[in-house]
Amino acid sequence: MKRTVPIGLLFSTGGAYGTIGTACRNGVLEAVARVNADPARRIALSVVERDPDGNLDRYAPLCTELLQGGVRHIVGCVTSSSRKEVIPTLDRHGGTLWYTVPYEGFEASDRVIYLHACPNQHLLPLLDWAFATHGRRGYLTGSNYIWGWEMNRLARQTILTAGGEVTGERYLSPGSTDVAQMIAEIRQTTPDFILNSLIGPSSRAFLTAYAALGATDPRFAPDLCPVLSCNLTECELPDFGAAAEGLVAAGPYFHTGLQSFPNSLAAAADLAIRTLADLLDAPGREDADIAALLQTPAGHASGIDPQTHHMPQSALIARAHGGGFQVIRDCGARRGDPYLSADWMMAASPGRPPALKVVW
Amino acid sequence: MSRGVEGGDLGGARAIVLHRPHAVVASVTRQLQAIGLSVESAWPDLPADAASADFLFFDADMGFDAQFPWQPGAAPLPLIALIGSEAPGRIEWALSAGAQAQILKPVGDGGVYSALLIARHGFAMRQTLTAAVDDMRGRLGARQTVVRAIVQLTRGAGSEDAAYDALRRMAMDGRITLEEAAARVVATPAVDRRARKGTA
C-alpha cells in the first residue's frame, strides 16, 4: 500500500500566459499519474490546486492556503514576478516551490528548485549560435517586465562585449499587440537577428507582422534574419501557426517525435515530479525540509545543486518547422549558473576568441 | 562631510511610498508612522507636490523613469528603493533613478529607520559634492578669461606677478571671485581702464 503525499499546484490557466500555465499543469498531472502508477514507488501523490488566473496579487494568498492546508511542496508559477511574490510565504511556512519554466537567472532561493533553463543554459548558447551563423548585429524586443528587461540587458552586454551592435531595443506591455514601430525599426536597421522575449499575444502579433515583412522583403526571411527566442515552446506553436516558421529557439528539450513529452515545460514538470517522488519515497520524508531532503542519498542523486538549487540542463538550439521543432545544434549539458559566475562573459571579451566557451 | 546621522528631526517629515497597493506599503507605512513621519502612498503617479516631500520610497521592480517628474538621478529629495528582484537590470535602474538606500522585499519589522538615515546622509553628501563640482567647473571654464586678464594687466603692472596681485586686489575690493574680476577686466577696453586710472 502506497503512502499518499499531497502536493500543491499553483498555475494560472487563464490570463496573458495561460497557455504556458496550462502546458505546465498538464505536464504535472501526467507526471503525477505516472508516479502513482509506478509499482516500484512507495508513495503516491495527490494534487491540491489553486489557480491565480494571471492576477499577480493572488499568488501569495493562494500559496498560503496551500501551505496551511498541509502541503509542503508546490509546483507552480510562470512569471518571475509571481515567483518573487510567493517566496516570502514559502519562507514563513517552510514550503518549497518547484519551478518548471525558463527564467532570467540571478536568483538562488533556498525555497525554490529551478528545473528549467537559466541564461547560461539558454540565452548564451543561443547568442553563440547566432554570432557564428548570422552575425553580431541584434535587434532586441521584449515584454515590459523583468523577463524581457533582463534577457535584453544580458543580450546587449553579450553582443557589445563580442564587438557587435544592438540596432534597436523596444518593449511592449504584456497583452499589447502594437508591433508596427518594432517592425519599422527592424526594416530600417537591418539587423543580423532579432531576439524576441515577448510573451503571449504580443509575441504572436510580432511574429505574424515579421513573417509578413519577410514574405515581401527577402532580407527579413528567416534564413537571413531569424527571430530567436528562449521562451517559445511547442505549446504555443499551434496558436502562432505559420508565423513561427523558421524561428530559432533555445531550450533543454524539444519534442522530436521519438520522445514522449510534448514540450520542455512538460519535460521539466516530469523532472520535478520524478525528483520529488524520489526524495519523498522513504517513509517520514514528507515532513522533512528541502535542505534535509537534499542531504539524503536521493537528494545527492537528484542532480540538484545544493548551493544554487539549479539543475544541469541540455542546451539545445532548434528551428521551428511545420508546426514542430528540429534540433540544429546540441551544445551538451550545462550546469545551472544563475549568477553567471563562470567565465561566460570573459570568453567573449576582446582579445580572446569571440565565441562563447561551449562544451560540444 | 562629517555631519552625523542623528535622526531626532525625522518627526513631522513627509514620506511618499510609490508602490502599488501591497503588504510592502503597509509594512513601510507602519514603520514610518512609528518613527513619526507622515506617509502618503501613490501608484503609478506621484502627487504633484512630490518634490517638496522629504523622502521617497519607490518600487524598483515595476518602477519606470516616467514616474519621476525630474531628470534621472537628479531627484530633489532622498530616494529609497524597495527591491524585490535582485536582477542586475533592476538594480541598475534603481541606481540610475538615484536610490541612496534600499530595503529588500518582503519588508518585515525593521529596515526603514536605517534606510532613512543612510538615504538622507547620501543625499546631503551628493548635494554638497554637486555644488562643489559646479563651482570648480565654473572656475575651470574661466581659466582662459583669467589668463587673458593677466596678460592685459601685465602691460600696466610690469610683471605677471604684479598683474596677478592687482587682479586679486580687484576681486577682494569688489567682493567678487577672482574669475569674476578677470571677466570684468577682459570686458573693459584697455583704453577705458587707462583713462580711469589716469583720473584716479
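## Helix packing in chain B

At roughly what angle do the axes of α4(B) and helix α6 (residues 178–187) of chain B cross? The axes cross at roughly 55° and come within 8 Å. That makes α4(B) oblique to α6(B). The axes are lines fitted to C-alpha atoms, for helices over the stretch in contact, and angles run from 0 to 180 degrees between N-to-C directions. Angles under 35 degrees count as roughly parallel, over 145 as roughly antiparallel, 65 to 115 as roughly perpendicular and the rest as oblique. The model is a predicted one, in which local features need pLDDT of at least 70, side-chain atom pairs count only at pLDDT 80 or more, and totals for chains, interfaces and linings use all residues. Residues are numbered from 1 along each chain as its sequence is written, while chains are lettered from A and ligands numbered from 1 in the order in which they are written. Helices (H or I, at least four residues) and strands (E, at least two) are DSSP runs, numbered from the N terminus.

The crossing of α4(B) and α6(B) is left-handed; a crossing has this hand if the near helix is turned anticlockwise from the far one by less than a right angle, and is right-handed if clockwise. On the α4(B) side the contact is made by Thr145(B), Val146(B), Arg148(B), Ala149(B), Gln152(B) and Leu153(B), and on the α6(B) side by Leu178(B), Glu179(B), Ala182(B), Ala183(B), Val185(B) and Val186(B). Two residues are in contact if their C-beta atoms, placed from the backbone, lie within 7 Å. The residues in the contact of α4(B) with α6(B) are 8 nonpolar, 2 polar and 2 charged. In these classes, Ala, Val, Leu, Ile, Met, Phe, Trp, Tyr, Cys and Pro count as nonpolar, Asp, Glu, Lys and Arg as charged, and the others, Gly among them, as polar.

Helix α4 (residues 143–157) of chain B also packs with helix α5 (residues 160–174) of chain B, at an angle of about 110° and with the axes 8 Å apart. The two helices are therefore roughly perpendicular to each other, and α4(B) passes α5(B) in a right-handed crossing. From α4(B), the contact uses Ala149(B), Ile150(B), Leu153(B), Thr154(B) and Ala157(B); from α5(B), Glu160(B), Ala162(B), Ala163(B), Tyr164(B), Ala166(B) and Leu167(B). This contact of α4(B) with α5(B) has 9 nonpolar, 1 polar and 1 charged residues.

## Domains

Domain bounds come from an automatic or database domain assignment. For chain B, the assignment gives domain 1 (8–137) and domain 2 (142–199). Their C-alpha centres lie 48 Å apart.

Chain A has 11 helices and 12 strands. Its C-alpha trace spans about 65 × 40 × 40 Å along the principal axes.

Chain A is divided into domain 1 (3–117 + 260–311) and domain 2 (123–255 + 314–348), with 28 Å between their C-alpha centres. Each of these domains gives 26 residues to the contact. On the side of domain 1 of chain A that touches domain 2, α1 (18–37), α3 and α9 (264–280) each give two or more residues. By class, that side has 14 nonpolar, 9 polar and 3 charged residues.

## Contact across the chains

The axes of α5(A) and helix α2 (residues 88–97) of chain B come within 8 Å and cross at roughly 90°. That makes α5(A) roughly perpendicular to α2(B). Ile146(A), Trp149(A), Glu150(A) and Arg153(A) of α5(A) meet Pro88(B), Gly89(B) and Arg90(B) of α2(B) in this contact. Its residues divide into 3 nonpolar, 1 polar and 3 charged.

## Backbone features

Most residues other than glycine have a negative phi, and most peptide bonds are trans. Asp53(A), not a glycine, has a positive phi of about 55°. Asp53(A) lies in the loop between β2 (43–50) and α2 (59–68) of chain A.

In chain B, the peptide bond from Trp43(B) to Pro44(B) is cis, with omega near -5°. Pro44(B) is in the loop between β2 (38–42) and β3 (55–59) of chain B. Another cis peptide bond joins Lys105(B) and Pro106(B), with omega about 0°. Pro106(B) is in the loop between β5 (99–104) and α3 (112–141) of chain B.
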